[in-house]
Amino acid sequence: MIDQGFERRSAAVTEMPDELRHDVRLLGKLLGQVLAEQGGEDLLADVERLRKAVIAARRGEVSADEITAMVAGWEIERAVEVARAFTCYFHLANLAEEHYRIRTLRERDTEGRVQRESLAQAVHELGHERVTELLAGLELHPVLTAHPTEARRRAVVTAIQRVSHQLTEYNTPGRGATERAESRRRLLEEIDLLWRTAQLRSTKLDPLDEVRTAMAAFDETLFRMVPQVYRALDAALDPATGTRPPQARPFIRYGSWIGGDRDGNPYVTAKVTRETIQIQSDHVLAALETACARIGRTLTASAQFTPCSPELKRALAAAVAAHPEIVSELATRSPREPHRQWLLFVAARIAATQRRHLDLAYRSPADLLADLRLVQDSLAASTPRQAYGELQHLIWQVETFGFHLAELEVRQHSQVHANALEEVRAGGELSERTEEVLATIRVISWIQERFGVTACSRYVVSFTRSADDVAAVYELARHALGDRAPVLDVVPLFESGEDLANSPGVLSGMLEIPELRRRLDDNGRRMEIMLGYSDSAKELGPAAATLRLYEAQEALTAWAAEHDVKLRMFHGRGGALGRGGGPANRAVLAQAPGSVAGRFKVTEQGEVIFARYGHIAIARRHLEQVTNAVLLASSPTVSATTSAAAERFRGLAEQVAVASEEAYRALTEAPGFPEWFGLVSPLEEIGTLRLGSRPARRGLGAPRSLDDLRAIPWVFAWAQTRVNLPGWYGLGSGLAAADSLDELRAAYAEWPLFNALLDNAEMSLAKTDRSIAKRYLALGGREDFARQVLEEYDRTRDLVLRVTGHARLLENRKVLSRAVQLRDPYVDALSHLQLRALRALRTENPSERERERLSTLLLLSVNGVAAGLQNTG
């Protein structure tokens with residue numbers, strides 16, 4: 001029975017903490033009840049047969065061929081239902097783990113204890129004075145992107161959130177039997193609805209769908225979470241927070257590519273970009289109005305006990321003169337409560353700003369801040385707690401989000417600009433694409449006029465090869481608007497190994513561009529460049545790319561010092577390990593010395609957005625960890641230690657980089673490899689999942705080379721095969737080329753970059769299953785490629801364990817190891833279902849109807865494996 005199945009995994013479950021085991025069992029039992037009710041006992045029995053078989057296979061009691069025969073014996077429709085069941089289980093197991101993580105965070109947050117990797121820990125380690133110095137220039141800039149790596153439909157995410165709410169209700173202490181029974185009923189109701197919700201999208205997302213999805217993260221988490229982070233830092237600097245002016249200044253600025261990134265996405269147009277900023281503005285203004293009205297309604301301090309300042313009296317009098325109906329009504333409802341009257345009047349003005357009621361609207365966030373500080377100063381004279389409590393949170397929210405919520409960034413490929421410039425200079429009729437480039441620049445200008453320069457000024461140029469690629473944007477801007485061209489911060493994106501090596505020379509060439517020189521004069525010589533992790537890893541392999549990116553950072557840091565430029569490096573990291581993912585705080589500490597300097601900007605992509613910002617407690621912990629790392633990485637002591645380690649192990653790193661790249665290229669550049677990859681993985685089918693608005697590849701048809709394929713489907717497809725090749729391939733050959741195992745071990749112990757490289761590879765290896773992977777690799781009919789991959793896996797696994805000193809993968813990461821072990825058999829079940837569909841699609845000649853049914857099974861299994869592994873691309 002499923003209530004003795006899904007929720008019971010003898011070895012892994014017994015290692016689980018009691019609270020987590022309870023939730024997994026409860027949710028599994030309720031899912032089993034739903035399956036029995038909706039699919040009948042036969043469905044339940046088939047799910048159980050497969051579950052027991054894959055667990056027995058892990059113990060060597062059942063062969064993979066027996067499981068293959070079992071799965072092949074089912075009708076396609078039954079296989080689809082089984083795949084749905086396992087996928088729903090993963091959604092519920094992930095939810096149970098999230099709840100346990102939240103409980104753990106709260107339990108660790110005990111009075112008098114400094115939590116590891118927190119803001120308080122940074123202050124404790126660095127000292128109040130040093131942190132205060134760093135605060136002056138501290139910048140944390142997460143940038144949300146629409147890169148299509150979230151496999152779940154928004155409807156599924158929402159259904160899971162409803163289950164989450166009911167699970168919280170069910171586990172609330174002190175509830176009576178009647179309340180608990182009702183909570184269980186509601187929990188079962190929501191799990192029933194999750195089962196009935198289609199896992200696959202029936203229509204392709206458009207860019208504005210992606211914008212609205214991101215707005216859910218803002219509405220539900222980001223807006224409320226950001227002031228909590230500032231408050232935590234302020235409390236760490238001085239426990240008297242809330243009774244004095246804050247020592248913490250707002251240092252978080254969100255950016256967004258969603259609705260602005262048109263590189264390879266023809267559906268992102270100037271019209272979409274314009275609508276995007278309006279949607280963002282509507283959301284932030286609505287949130288600000290709600291917060292201001294809430295604080296205003298609760299601020300019932302009487303003038304008798306809390307007199308207002310002369311300045312606030314004059315402001316109220318002016319408001320009565322300008323808007324007598326509004327202010328008189330507020331005075332009638334709130335007599336002798338001037339602070340309350342003023343904040344409710346401010347809320348009315350924010351609402352008018354959203355409606356574009358020009359007579360009452362604020363012209364800028366600065367005007368709103370002036371009004372908020374007016375009431376804050378008045379309150380501070382008699383009741384500092386009211387001045388620097390919730391009202392301060394609202395001020396921090398305005399300072400962080402403004403009226404635009406997140407800075408909208410535009411990205412386009414350098415070749416598009418080159419083609420457009422050629423047309424413009426020729427003076428003839430312009431193509432539709434060139435007209436669109438010029439229209440985009442005009443929209444940037446409109447955004448700046450309405451929301452200010454900070455709302456949209458960064459223009460990222462993909463595949464920047466020379467300073468001419470940057471100069472092209474400025475010339476196109478002059479053509480579009482002449483002297484009225486918008487303020488632009490053109491950001492070169494360096495992605496390939498060659499481009500990374502040449503990047504300092506490109507920056508030197510950029511200093512000759514007149515518009516850029518003027519911009520440097522205006523902004524205190526600040527410049528931004530972007531480093532692409534995904535494409536560099538796809539080209540060079542994970543080890544070589546990591547080490548070449550580090551070298552580039554060292555060279556760029558030296559260039560900035562030589563040219564008196566305050567350089568901010570924008571890290572284009574993906575969520576998966578093969579695209580620069582991994583723990584964000586460790587990634588910060590692994591940066592080249594001097595490259596952080598209190599500033600860190602990074603992309604937050606796809607499933608990472610929901611994983612990190614789906615719950616306020618997890619989001620706060622994430623930002624605290626990253627800020628902690630930015631502060632520590634910016635300290636002279638840490639920089640000196642990291643610099644010494646980098647210098648000592650430079651030769652070793654070069655040996656590893658060269659050998660790993662050679663091994664990686666020997667595989668990926670071999671004749672026939674792209675075609676083989678397409679056969680052994682669900683690459684083609686992933687493109688039909690409708691994960692996002694952007695096409696999966698740069699050309700049409702099967703990829704002729706890896707250059708035709710985007711990094712996301714490259715990583716996503718390898719994860720589905722259980723190989724996870726982009727996260728580790730070549731590292732074993734690199735480590736084998738080193739002269740000394742002892743030196744490798746020393747580098748792992750002393751150099752944060754090398755430590756992160758091996759630990760990330762270890763995580764990727766742990767999610768790799770050799771026996772399942774072998775069955776996928778056999779589908780391609782190339783024993784040489786399959787043998788090459790498996791031999792490199794064996795080599796890498798062996799050497800990573802020898803260097804780290806671990807007896808088994810993830811030996812030192814018990815929580816992650818437990819999660820992987822718990823999921824592995826159930827992921828195996830979905831892999832066997834996927835292999836059935838993939839084998840038939842690749843080696844048989846199914847009818848059109850049969851192909852459609854097999855594709856449905858395959859796509860459902862893709863969705864389920866992504867949920868089980870908790871990563872896509």
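Ala, Val, Leu, Ile, Met, Phe, Trp, Tyr, Cys and Pro are counted here as nonpolar, Asp, Glu, Lys and Arg as charged, and the others, Gly among them, as polar. With that sorted, the lining of the second largest pocket splits into 22 nonpolar, eight polar and 13 charged residues. Keep in mind that this is a predicted model. The chain has 38 helices and nine strands, and its radius of gyration of 28 Å is close to the 29 Å that the globule rule gives for 873 residues, so the chain is as compact as a globular protein of that length.

**The chain as a whole**

- Along the principal axes, the C-alpha atoms take up a box of roughly 85 × 75 × 60 Å.
- Buried residues account for 60% of the 873 in the chain.
- Take the contacts with a separation of 6 or more: 81% of them are between residues 24 or more positions apart.

- Two or more lining residues come from each of β1 (139-145), α14 (365-380), α16 (390-401), β6 (489-494), α21 (514-522), β7 and β8.
- Helix α16 gives the most to the lining, with four residues.

- Helix α22 spans residues 533-540 and is mostly covered, with seven of its eight residues buried.
- Those buried residues are Tyr 533, Ser 534, Asp 535, Ser 536, Ala 537, Lys 538 and Leu 540.
- On the helix side, they pack against α20 (497-510), α23 (542-562), α28 (650-668) and α31 (711-720).
- On the strand side, their partners are β7 (526-532) and β8 (566-572), and these two strands also turn up among the elements that line the second largest pocket.

**Two non-glycine residues with positive phi**

- Phe 463 is not a glycine, yet its phi is positive at about 50 degrees.
- You'll find Phe 463 in the loop between β5 (458-462) and α19, and it counts as buried because its relative accessible area of 14% falls under the 20% cut-off.
- Ala 597 is another residue other than glycine with a positive phi, near 50 degrees.
- Ala 597 sits in the loop between α24 (584-589) and β9 (599-605), and is partly exposed, with a relative accessible area of 37%.

**Two helix residues to look at**

- Thr 87 belongs to helix α4 (residues 76-108), and at 1% relative accessibility it counts as buried.
- Leaving aside residues up to four places away in sequence, Thr 87 touches Gln 199, Leu 830, Leu 860, Asn 863 and Gly 864.
- Ala 471 is part of helix α19 (residues 467-481), and its 25% relative accessibility makes it partly exposed.
- Ala 471 and Glu 512 are 41 residues apart along the chain, with 9.4 Å between their C-alpha atoms.

Key:
Residues numbered from 1 in each chain as written. Predicted model: local features only at pLDDT ≥ 70, side-chain atom pairs only at ≥ 80, totals over all residues. Heavy atoms only, no water. Buried < 20%, exposed > 50% of the residue type's maximum accessible area, 1.4 Å probe, protein only. Contact = heavy atoms within 4.5 Å. Rg over C-alpha atoms; globule rule 2.2 N^0.38 Å.
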